[in-house]
Amino acid sequence: SMDNMYFGAFREIIEKARFLRNNMTLAEKRLWEKINNEKVQGLKFRRHHPLKSYIVDFYCVKLRLAIEVDGSNHLQKRQSEYDRERTYELNELGITEIRFNNEEVFKNIDAVINKIEVVVHGLLNLPLIP
């Protein structure tokens, strides 16, 4: 149902998510190219997906996996407190969250994808093939 998908997100949040989808950052676009169209273990990711009062950059409904790409503002104290609170709330909903910063996405996209795959394997309980 819609409720299970968005955990009761309000309409304003859903509208804001639509705006963000149409105005992706370069780092988000870069990562999206790599995870879109079931390129990671055949999994479907959604862009800017509303969850409760939050919007996560990328979300896999099947695995309850959220992926965040942080800009430099996440280094500020208030923002990092907000991030921690949000991570806690998402974890309470049974959602796993992985965070990357823009620099990682631009400088080493392969390591980013690798980390996502390691987490995905863990969530799917698949053995890792070296």
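Arg99 and Glu97 form a salt bridge, with their closest N and O atoms 3.1 Å apart; a salt bridge here is a side-chain nitrogen of Lys or Arg within 4 Å of a carboxyl oxygen of Asp or Glu. The model is a predicted one, in which local features need pLDDT of at least 70 and side-chain atom pairs count only at pLDDT 80 or more, while totals for chains, interfaces and linings use all residues. Residues are numbered from 1 along each chain as its sequence is written, and side-chain values use heavy atoms, with hydrogens and water left out.

Burial is described by relative accessible area (buried under 20%, exposed over 50%, partly exposed in between; 1.4 Å probe, protein chains only). Arg99 is partly exposed at 22%, whereas Glu97 is buried at 14%. Both residues belong to a network of salt bridges that also links Glu68, Asp70, Asp83 and Arg86. Helices (H or I, at least four residues) and strands (E, at least two) are DSSP runs, numbered from the N terminus. Glu68 is buried, with a relative accessible area of 5%, and Arg86 is buried, also with 5%.

The structure holds eight salt bridges. One of them joins Lys52 to Glu89, with the closest N and O atoms 3.6 Å apart. Lys52 sits in the loop between strand S1 (46-51) and S2, and Glu89 in helix H4 (residues 77-92), so the pair connects parts that are 37 residues apart in sequence. Lys52 is partly exposed at 36%, and Glu89 is partly exposed at 22%.

Now to Asp57, in strand S2 (residues 54-60). Asp57 is buried yet has no salt bridge, and the nearest side chain of opposite charge, Arg86, is 6.1 Å away; for charge, Lys and Arg count as positive and Asp and Glu as negative, with His and the chain ends not counted. A polar atom of the Asp57 side chain does, however, lie 2.7 Å from the backbone nitrogen of Val69.

Glu28, in helix H3 (residues 26-35), is buried at 8% relative accessibility. Beyond its neighbours within four places in sequence, Glu28 is in contact (heavy atoms within 4.5 Å) with His48, Asp57, Phe58 and Val69. The C-alpha atoms of Glu28 and Glu68, 40 residues apart along the chain, are separated by 8.8 Å.

Technical notes:
A polar contact is a pair of N or O atoms within 3.5 Å; within protein, one must be able to donate a hydrogen and the other to accept it, and residues adjacent in sequence count only if both atoms are side-chain atoms.
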